[in-house]
Amino acid sequence: MASPATAMTPPVTPDPPPRRRRSRTTDRGLDRAFRYLAVGSGMLILATLASVAIFLVLEALPALTHDDLASEIAWIPEGGNLGDVVGPLIFGTILAAIVSLGLAVPVAVGIALFISHYAPRRMASALGYVVDLLAAIPSVVFGLWGVLVLAPKVQPVWQFLVDYFGWIPLFAGDEHGNASNPPRVLMTTALVLAVMILPIITAVSREVFLQTPRLHEEAALALGATRWELIRMAVLPFGRSGVTSAAMLGLGRALGETMAVLMILSPGFLYSFKLLVASQQQTIAANIAAKFNDADDIGRSALIATGLALFVITLLVNLGARAIVARRKDFSGAN
Amino acid sequence: MATLDTAPATPSSALRDVLSQVDPKRRRKDRVMQVLVYGAFVLAMIPLVSLVWSVISKGIGRFDLYFLTHSMRNVYGGMDAGGVYHALLGTILITLLTAVISVPIGIVTAVYLVEYGKGSLARAVTFFVDVMTGIPSIVAGLFAFSLFYLVVGPQSKSGLVGAVALSVLMIPVVIRSTEEMLRLVPNELREASYALGVSKWLTIIRVVLRTAVAGITTGVMIAVSRVIGETAPLLITVGATDSINDDVFHGNMMTLPVYVYRQYAAGLVPCAPGDDACIPTINYDRAWSAALVLILVVMLLNLVARGVSRWFAPKTRA
């Protein structure tokens with residue numbers, strides 16, 4: 001086939017066929033199939049996330065459109081509707097997450113500074129691994145430890161807080177002026193949650209602190225700064241947005257954590273700031289885990305509706321964290 | 001030092017003191033902060049040590065071959081019996097199924113992002129992988145439940161539903177770690193392969209993935225050790241049982257984390273006075289031993305992951 005063509009027009013033909021062949025070899029057969037496979041699995045990710053949203057909404061619809069849920073579901077108060085339960089649940093979820101964040105962030109920043117600027121280099125990576133070990137411990141084990149080991153130990157501390165700081169609304173006692181015993185209260189839960197989110201906040205902060213430009217640090221030292229002043233002037237300003245986004249990632253974790261809350265907290269459905277009294281608050285995730293298996297169709301649907309609320313809240317928090325990281329990338333010279 | 005002799009005027013000792021010593025107030029602050037930073041670290045070690053110690057000391061009592069090889073079938077009250085075999089089996093089967101679903105999807109998606117990804121689709125995938133990382137585990141469980149409930153109908157609880165829920169949590173972790181590893185593969189290797197006339201897909205499989213295989217394996221094992229401890233999604237998708245069920249496609253299965261929770265929730269056993277065969281704390285004892293088994297499994301996976309990356313690493317550097 002090629003030989004008659006070459007015979008008829010010798011100067012033109014040697015050129016086009018190879019070029020055409022080359023353009024074909026770059027994308028044909030298995031090569032194309034593999035590319036489609038890769039693109040397809042990328043799309044599968046998008047489809048999965050879309051179906052998470054779609055199936056949750058589909059399952060939640062019966063509860064969202066039902067006009068008399070209180071008559072069908074035992075845990076919705078007489079004459080109330082879904083909102084009367086979801087409100088306190090969202091409140092409890094956010095309260096628990098914020099208290100645990102308040103406990104975890106200072107310690108996490110301290111550990112991150114210890115590993116990045118205080119500990120000897122050789123020791124630092126080993127210590128980082130030890131902190132990462134905390135992240136590998138399953139949440140149900142944290143729950144078991146929290147309720148059987150930690151709770152009896154912290155009860156006197158909570159009682160002390162009620163006795164001497166009871167005038168602060170957060171530390172108010174029950175009607176007898178006591179902290180609950182056993183302390184299955186929000187404060188104990190938040191303490192365990194704080195331990196659980198410590199590793200992620202530490203890991204992200206540590207990475208950011210280690211990225212502090214060497215020149216900034218040396219400039220601070222050359223001006224006679226002490227180690228703390230070096231950290232105040234060079235490391236913390238550089239790492240501030242990194243720590244913020246680390247805290248928000250931790251917040252996202254704390255919002256969605258189920259088992260520790262389920263095992264420790266004695267649930268209640270109140271808008272209550274009392275951290276040391278039992279049966280005041282409950283979180284969305286723990287509420288779902290506690291009630292899901294015994295629920296009928298409409299009850300499950302209502303629980304899935306609360307799960308949808310949790311999904312939206314964590315989504316917003318995580319997007320906030322990403323936005324902060326992205327903004328930091330723009331002006332940081334480190335990358 | 002030597003320049004001091006030739007300098008026109010030696011600084012007075014007072015001046016030297018000022019220059020060489022930090023102002024006491026600043027020094028005090030420095031010390032206080034140092035103590036606080038060290039203190040933060042010690043503070044964080046307390047729960048870790050306490051937790052590991054509790055699990056080992058309370059769990060070792062029932063941790064033996066009998067515990068590992070028996071289920072909870074026909075075990076009731078304060079009987080000195082019962083084990084974790086059915087839960088261990090369930091955890092292994094469900095985790096394997098999860099890995100079978102998520103590892104190929106995760107790796108191929110990472111390949112897409114690194115080798116093919118351009119334009120808005122790649123940006124969207126990166127963004128939504130981030131979003132997926134933040135999905136609370138209970139929401140993943142609700143999703144898998146809703147999916148199977150609407151498609152299969154009631155009585156849909158099975159190991160497969162749990163594996164789908166765990167996959168939603170595991171896929172983004174696999175994608176992230178694989179992506180990082182693929183980006184570490186030097187471009188020269190790809191170009192050398194293209195220069196030899198090797199097609200793109202073969203280059204990816206034989207050169208890029210082969211180079212990164214140690215890192216990818218490590219990432220996968222760490223992802224597995226993360227999902228193996230998940231409790232909440234399994235609680236609502238797989239349920240619980242006291243018997244051995246080795247069929248991941250039908251019926252409730254027990255898993256280690258759910259076993260720990262159920263034993264804890266069963267609480268203390270009210271024993272009749274004088275009944276020596278009845279152990280009041282039997283449920284808590286079993287919960288601690290199962291927690292020990294769970295932690296051992298997770299630690300084992302982590303150690304293997306570190307070993308894999310250490311043994312294979314020099315090859316990729318060469």
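These are my notebook entries on chain B, its contacts with chain A, and one helix and one residue of chain A.

**Before starting.** I am working with a predicted model, where local features need pLDDT of at least 70, side-chain atom pairs count only at pLDDT 80 or more, and totals for chains, interfaces and linings use all residues. Residues are numbered from 1 along each chain as its sequence is written, while chains are lettered from A and ligands numbered from 1 in the order in which they are written.

**Entry 1: chain B as a whole.** I looked up the elements of chain B and found 13 helices and zero strands. Helices (H or I, at least four residues) and strands (E, at least two) are DSSP runs, numbered from the N terminus. Next came the spread: the radius of gyration of chain B is 28 Å, well over the 20 Å that the globule rule gives for 318 residues, so chain B is more spread out than a compact globule. That radius is taken over C-alpha atoms, and the rule is 2.2 Å times the number of residues to the power 0.38. The C-alpha trace spans about 95 × 70 × 35 Å along its principal axes.

**Entry 2: where chain B touches chain A.** I found 66 residues of chain B in contact with 64 residues of chain A (in contact: C-beta atoms, placed from the backbone, within 7 Å). Which helix gives the most to this side of chain B? H3(B) does, with 19 residues. I also sorted the residues of this side into 47 nonpolar, 13 polar and six charged. Here Ala, Val, Leu, Ile, Met, Phe, Trp, Tyr, Cys and Pro count as nonpolar, Asp, Glu, Lys and Arg as charged, and the others, Gly among them, as polar.

**Entry 3: helix H6 of chain A.** This helix covers residues 121–136. Gly128(A), Val131(A) and Leu134(A) in H6(A) are buried (20 or more other C-beta atoms within 10 Å of the residue's own; exposed is 12 or fewer, partly exposed in between, with C-beta atoms placed from the backbone). Down the axis of H6(A), the buried residues fall within an arc of 100°, so they line one face of the helix. The arc is that of the directions from the helix axis to the C-beta atoms. On the other side I found Arg122(A), Ser125(A), Ala126(A) and Tyr129(A) exposed. The cover over the buried residues of H6(A) includes H5 and H8 of chain A together with H3 of chain B.

**Entry 4: Asp31(A).** I found Asp31(A) in helix H3 of chain A. Why is Asp31(A) partly exposed? Because Asp31(A) has 17 C-beta neighbours inside 10 Å. Leaving aside neighbours within four places in sequence, Asp31(A) is in contact with Ser199(B), Lys200(B) and Trp201(B).

Notes
Contact = placed C-beta atoms within 7 Å. Expected span 1.5 Å × (residues − 1).
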